[in-house]
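Thanks for coming, everyone. Please have a look at the structure on the screen, and then I will walk you through it.

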Amino acid sequence: MFGASFFTTERSAPIAAKGQASPTAAEAQPAEPRRLRAIFVSDIHLGTPGCKAEHLLDFLRHHESDVLYLVGDIIDGWALKSRFFWRQSHNDVIQKVLRRARKGTRVIFIPGNHDEAARPFVGLNLGDIAIRDEALHVTLDGRRLWVVHGDFADGVLHHAKWLAHVGDTLYTFVLWLNRHYNALRARLGFPYWSLSQYLKHKVKNAVSFITDFEQVLVREAQRRGYDGVVCGHIHKAEIRTVDGLLYCNDGDWVESLTALVEDLDGRLEIVEWKQIRAPGAAVPRWSEEEPIAPAAAPPALLPVPAAAEA
Ligand SMILES: [Mn+2]
């Protein structure tokens with residue numbers, strides 16, 4: 001169903017200029033957005049300069065789902081407290097999500113540690129959005145996945161908390177630095193004690209942090225009787241089997257620009273959206289309403305935590 005036209009557009013499309021919103025242009029929609037069972041996104045960090053809101057908007061234009069999970073750190077309250085940063089595109093993301101919810105997508109927002117200000121509202125439905133601590137997603141093939149942001153692992157792990165937020169860039173840089181430092185040291189005959197050891201120690205910690213994070217989440221999912229876990233928090237997208245359970249991380253919209261999706265055949269996949277693919281697409285202004293289809297039925301109250309069970 002995502003025929004040749006979709007992919008042709010993708011390849012031939014020039015990258016749309018950032019922020020060129022034309023107030024008269026209707027929102028450019030791809031001919032056929034990809035239909036999915038579920039979309040999981042987290043760590044958007046709206047309210048920070050690093051947030052790639054335009055990329056996320058473009059991704060959402062190209063993908064529609066029955067269920068949309070917002071798996072935490074959607075709005076960065078920490079960053080907003082210290083320095084107010086907000087763009088039109090950040091409003092657009094919120095408006096797009098609200099519109100989706102009104103049009104029938106089940107939207108479940110699981111606050112993370114950066115948007116913990118929303119945690120008092122857990123259990124409530126604000127508008128058409130269900131706010132939950134955690135959710136249950138049942139895949140087409142019947143696997144029961146525990147959907148949770150993942151920051152509770154910080155309290156369990158003894159590693160420095162900042163490692164949770166480094167993402168790939170710093171990690172790659174540390175690896176690079178370590179490599180070059182070693183080469184330089186070898187040439188200059190530096191003694192063995194110094195930075196190399198320190199960096200090696202740090203890199204080892206970073207690797208073991210990610211491994212430990214996965215282990216903690218998988219073990220907790222198992223303890224609770226799930227078949228796997230979907231989380232975010234460490235900005236590293238991943239689908240793998242850990243100790244016989246499914247570990248899925250949907251990544252982030254700061255660096256990796258990834259979402260986890262379940263397609264109509266029940267396949268889980270990480271979608272990377274590094275380029276804005278709708279040519280000349282106006283980033284919709286939040287005042288521009290999309291036509292709203294008449295609601296068939298009011299959204300049902302979702303049970304806790306079985307939010308996504310059909
Ligand atoms: Mn987080």
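**A walk through the chain**

Start with two strands: β2 and β3 run parallel, and 4 bridges join them. Two strands count as paired if DSSP finds at least two bridges between them. Helices and strands here are DSSP runs, helices being H or I with at least four residues and strands E with at least two, numbered from the N terminus.

Two notes on the source. This is a predicted model, where local features need pLDDT of at least 70, side-chain atom pairs count only at pLDDT 80 or more, and totals for chains, interfaces and linings use all residues. Residues are numbered from 1 along each chain as its sequence is written.

Back to β3. Leu70 has Phe109 in β3 as its bridge partner. β3 also pairs with strand β5 (residues 129–131), in the parallel sense, over 3 bridges. There, Val107 has Ile129 in β5 as its bridge partner.

What covers the faces of β3? In a regular strand, side chains alternate between the two faces of the sheet. In β3 (residues 106–109), both faces are covered. Arg106 and Ile108 on one side are buried, and so are Val107 and Phe109 on the other. Buried means that 20 or more other C-beta atoms lie within 10 Å of the residue's own; exposed means 12 or fewer, and partly exposed is in between, with C-beta atoms placed from the backbone.

Now the whole chain. The protein chain has 7 helices and 12 strands. Of its 310 residues, 37% are buried. Look at contacts with a separation of 6 or more: 76% of them join residues 24 or more positions apart. A contact means that the C-beta atoms of two residues, placed from the backbone, lie within 7 Å.

Next, helix α2. How many of the residues of α2 are buried? The count is 9 of 10, so α2 is largely enclosed by the rest of the structure. Among the buried ones are Leu56, Leu57, Phe59 and Leu60, but also Glu54, Asp58 and Arg61. The cover over these buried residues includes β1, β2 (63–70), α4 and β11 (258–263).

Let me take α4 from that list. Helix α2 (residues 53–62) packs against helix α4 (residues 88–102) at an angle of about 30°, with the axes 9 Å apart. That makes α2 roughly parallel to α4. The cut-offs: angles under 35 degrees are roughly parallel, over 145 roughly antiparallel, 65 to 115 roughly perpendicular, and the rest oblique. Axes are lines fitted to C-alpha atoms, for helices over the stretch in contact, and angles run from 0 to 180 degrees between N-to-C directions.

Who meets whom? From α2 come Ala53, Glu54, Leu56, Leu57 and Leu60; from α4 come Ser89, His90, Asp92, Val93 and Lys96.

Strand β1 (residues 34–41) holds Arg34. Arg34 is partly exposed, with 17 other C-beta atoms within 10 Å. Arg34 and His63 are 29 residues apart along the chain, yet 4.7 Å separates their C-alpha atoms.

On to a second sheet. It is open, with 5 strands in the order β6-β7-β8-β10-β9, and the pairing is mixed. β6 (135–138) and β9 (238–242) stand at the edges with a single partner strand each, so one side of each has no neighbour in the sheet. On average, neighbouring strands here are turned by 25° against each other, direction ignored. Inside the sheet, β8 (residues 228–231) and β10 (residues 245–249) pair in the parallel sense over 4 bridges. Gly228 stands opposite Leu246 in β10.

Now look at the loops. Most residues other than glycine have a negative phi. Asp243, in the loop between β9 and β10, has a positive phi near 50°. With 11 C-beta neighbours inside 10 Å, Asp243 counts as exposed. Asp73 sits in the loop between β2 and α3 (77–82), and its phi is also positive, near 55°. Is Asp73 buried or exposed? Asp73 has 31 C-beta neighbours inside 10 Å and counts as buried.

Last stop: Ala237, in the loop between β8 and β9. Ala237 counts as buried, with 21 C-beta neighbours inside 10 Å. Leaving out residues up to four places away in sequence, Ala237 touches Asn249, Asp250, Gly251, Ser256, Thr258 and Ile270. Questions, please.
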